[in-house]
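Work through the following exercises with the structure at hand. Each task is followed by a solution in steps.

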Amino acid sequence: MRDFGGKLAVITGGGTGMGRALARQLIAEGCDVAACDILDDNLAETRRLCEQEAPQGRVITTHHCDVADEDAVNAFRDSVRSAHDTDHIDLLFNNAGIGGGGSFVNEESREEWERTFNICWFGVYNCARAFMPLLVASQDAHMINTSSVNGFWATLGPQSAHSAYSAAKFAVKGFSEALVNDFANNAPHVKVSVVMPGHIGTSIAINSGRIMRGGDYTPEDIEAMRKRYTALGMLDETVTDDQLREMVAQIGRGFRDNARTTAEDAASIILDGVREERWRILVGDDAHRLDEMVRETPEEAYSEAFMVRLREQQEWNLG
């Protein structure tokens, strides 16, 4: 698919970050877009920007959808069909995701762990299921599933549990790879790509908190965060609850603002990969280097020595 003009793209998690950047770049290239998100204010801003930048005749529709809810996803699909008066789509970007659910053992509640896993994995699965017939109905279609470097390296470092997110992103990677031959045998006009970004300048940390809590931190949230960041050596008993809240907010802003790869750059890399029909798209110099290092010494990937070598690489920045 060398040209996105006249195509119809569905994008989950379209309210901010890579989802918004994909929507803006696609519509600027003459593609119609249907974007969903669970945060309506973010989604409204994506729509405003796209309508402002869209070529004559191009359309963006926005839809509230929790991708972890299969019924909501099916309603989203039906809404796309109706709003765009179509029996097919050409591009499906399974992009929605949140962070959270660090430890399987004791850091977070079961509800937070499963909420993270269900959005990051079942969100991809539910949308793939719902939109598969519409992709097959296209003459030339492509499914793009966002995994992560945590889809091949299941940690943020030896002292930081990242189990729900990593498990989900491994599932996305495995599912996407399985579809390479599945599509080749049963729907050869449909392609698939798995996207594995490194540190991209997005608001995922900020938005994850809004989605998980829906408001201010509970005492249980504060206790869990205090335990987590104390274990990482980032605070001591003198830090107040208000200071802890501000520290977490600063971490979210820093993750967004200090990345070497912007969301816009990431979207361009992804779209280039789709044009080239690459099934494996690494995004960012840090992703490429980490991929090389894990392949070189897989048995050492979760050791402190590995992390020391990783931090020595100029390309790597944990934010």
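**Exercise 1.** Decide whether F76 is buried or exposed, and do likewise for F131.

Solution. The model is a predicted one. The relative accessible area of F76 is 2%. Buried means under 20%, so F76 is buried. F131 has 0% relative accessibility and therefore counts as buried.

**Exercise 2.** Classify the ring pair of F76 and F131, and place its members in the chain.

Solution. A pair of aromatic rings is described by the distance of the centres and the angle of the planes. For F76 and F131 the centres are 5.5 Å apart and the planes stand at 70°. Planes over 60 degrees apart count as edge-to-face, so this pair is edge-to-face. F76 belongs to helix α3 (residues 70-84) and F131 to helix α4; the two are 55 residues apart, and the pair links distant parts of the chain. The structure holds 10 aromatic pairs.

**Exercise 3.** Determine how helix α4 is oriented against helix α5, and describe their contact.

Solution. Helix α4 (residues 110-136) packs against helix α5 (residues 163-186) at an angle of about 20°, and the axes are 7 Å apart. Angles under 35 degrees count as roughly parallel, so α4 is roughly parallel to α5. The crossing of α4 past α5 is right-handed. Residues of α4 in the contact include W113, F117 and W121, while those of α5 include Y165, V172 and F175. By class, the contact residues are 15 nonpolar, 2 polar and 1 charged.

**Exercise 4.** Which residues do ring pairs link into a cluster?

Solution. The cluster consists of F104, W113, F117, W121, F122, Y125 and F175.

Technical notes: Residues numbered from 1 in each chain as written. Predicted model: local features only at pLDDT ≥ 70, side-chain atom pairs only at ≥ 80, totals over all residues. Heavy atoms only, no water. Axes fitted to C-alpha atoms, helices over the stretch in contact; angles between N-to-C directions. Helix = DSSP H or I, 4+ residues; strand = E, 2+ residues; numbered from the N terminus. Parallel < 35°, antiparallel > 145°, perpendicular 65-115°, else oblique. Left-handed = near helix turned anticlockwise from the far one by under 90°. Contact = heavy atoms within 4.5 Å. Nonpolar A, V, L, I, M, F, W, Y, C, P; charged D, E, K, R; others polar. Phe/Tyr/Trp six-rings, centres within 6.5 Å; stacked < 30°, edge-to-face > 60°. Buried < 20%, exposed > 50% of the residue type's maximum accessible area, 1.4 Å probe, protein only.
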